Amino acid sequence: MKTFDYSRADTPQDAVKGGAVGNTRFIAGGTNLLDLMKLQIETPERIVDISRLALNEVEAMDDGGLRIGAMVPNADLAAHPQVIKAYPVLSRALLAGASGQLRNKASTGGNFLQRTRCYYFYDTAVPCNKREPGSGCPAKEGFNRIHAILGTSDACIATHPSDMAVAMRALDTTLVTLKPDGDRRRISIHEFYRLPGDTPHIETVLEEGELITHVELPPAPAGKQAYRKVRDRASYAFALVSVAAIVAVDDGKIANASLAFGGLGPMPWRSEAAEAALIGKAPEREAFEAAADALLADAKGFGSNDFKIPLTRRTLIAVLRDLTEDAA
Amino acid sequence: MHFTINGTKYDADPDIRTSLLDLLREHLGLTGSKKGCDHGQCGACTVLVNGRRINSCLTLAVMHQDDEITTIEGIGTPDNLAPLQSAFVRHDGFQCGYCTPGQICSATGMLDEAKKGWPSHVSESLDGDIALSDEEIRERMSGNLCRCSAYPNIVDAIREIAGEDA
């Protein structure tokens, strides 16, 4: 690990002042950042400790939504009574991720900013456009079993590893930030992540020194919620494919559908086309197949991950069937 | 830097990069906590910070100056084993023993989480009572690897103590 200057911020304002200086990283849980620093994939010169900021409350909002402080640990969020009651897809996604120890430490804000677990990103002996822009991408012709099938570019086929962020995307979450100049920003999760294009090292729209302070969930959407994760081990493994789904059936027709996917793309993936294929249709196999067709129309495998295309189709259909079988 | 570990105050001046695990082992001589992978994947380094289990390898010592840290040395001693430790001995919950301090610290934190009603990935209901079935114990302990594969006996030991707590 390269050495760094360390400071602890007492307020978000303190933190962004410190964070505005180049090559600084905020540290909250640190479970991903320190891992990357040990491997010298991240080499910050300054670390601003934000773990003691008073951003650890989960509060009901006037509009019926929920406001979550960025420092709320994943474990606490998963077990929060309001989340369990109104946003079970979020509890389920959090509980499907990592281990008990990691969920106790990892923060809500930090979870959005996890880096990919692409083997080549982690191996500093080989090129990687995300780690060293312009150096190349060995994953495309290499071992790419865990890699993306949607949203890839010539420069990068890595996936976003989070489970939590997949549920957050299905829930139309808004991220609230504080910038070094004191301005606050509200960023829809649909605008938060960037496709890799030819700049895969730039993963979000966050500006230098900008700090996630809160996450806001809109009022719970109508319908039933589910998170289903398919992985190589029964526990403590990243998703090959995951589906966060919220589906409402009214009078024998699908009235509302929100679908987000993990393990498929460089960001938690959302497909409006797949949702549109369901709305107004009877909750039956034909509609589910049409949604999978729409989701996967542009899917592209790279050899070892070709299996993700049929696996995604089957997982999506199974989730939709489970969520609607009482209503059909 | 000032630390409180197992109720005892310590002063140390480690390099800023020092993990909590390296502080314990290399600076304070508390070698019960073990270094397995040093990347948060094996759980051998598990300790309790303010009562919560964490991977001590994935956090900086400097970040924990105001915390109550409990290591395996604070959970029991050879002359006065904690109930979980006795249960591991009774059920033969280890072979080489390298992962055992982490298993015990993790199980200690885990039992507390279950008592608070925290659900897990395998819980049928998110807000029901938590009965620590073998499936629940395995899921909740999945962050602790045992390369001797003593898992069945580890589960037996934890189930015994979970039953006493219930």
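A: Here is a walk from the interface into each chain. This is a predicted model, in which local features need pLDDT of at least 70 and side-chain atom pairs count only at pLDDT 80 or more, while totals for chains, interfaces and linings use all residues. Residues are numbered from 1 along each chain as its sequence is written, chains are lettered from A and ligands numbered from 1 in the order written, and side-chain values use heavy atoms, leaving out hydrogens and water.

Chain B brings 38 residues to the contact and chain A brings 39 (contact means heavy atoms within 4.5 Å). About 3,200 Å² is buried between them, 54% of it from carbon and sulfur atoms; buried area is the accessible area, with a 1.4 Å probe, that two parts lose on being put together, summed over both. On the chain B side, Leu58(B), Met63(B) and Leu126(B) lose the most area to chain A, together 22% of what that side buries.

Four salt bridges span this interface (a side-chain nitrogen of Lys or Arg within 4 Å of a carboxyl oxygen of Asp or Glu). Asp76(A) and Arg52(B) form a salt bridge at 2.7 Å, N to O. Over all chains the count is 34. Within chain A, Arg115(A) pairs with Glu203(A) at 3.0 Å. These two lie 88 residues apart, Arg115(A) in the loop between helices H7 and H8 and Glu203(A) in the loop between helix H10 and strand S8; helices (H or I, at least four residues) and strands (E, at least two) are DSSP runs numbered from the N terminus.

Now for helix packing in chain A. The axes of H12 (residues 285-296) and H13 (residues 308-324) of chain A come within 9 Å and cross at roughly 140°. Axes are lines fitted to C-alpha atoms, for helices over the stretch in contact, with angles from 0 to 180 degrees between N-to-C directions. H12(A) and H13(A) are therefore oblique to each other: under 35 degrees counts as roughly parallel, over 145 as roughly antiparallel, 65 to 115 as roughly perpendicular, and the rest as oblique. Among the residues that meet are Phe288(A) and Leu295(A) of H12(A) and Leu316(A) and Leu320(A) of H13(A). The contact divides into nine nonpolar, two polar and five charged residues; Ala, Val, Leu, Ile, Met, Phe, Trp, Tyr, Cys and Pro count as nonpolar, Asp, Glu, Lys and Arg as charged, and the others, Gly among them, as polar.
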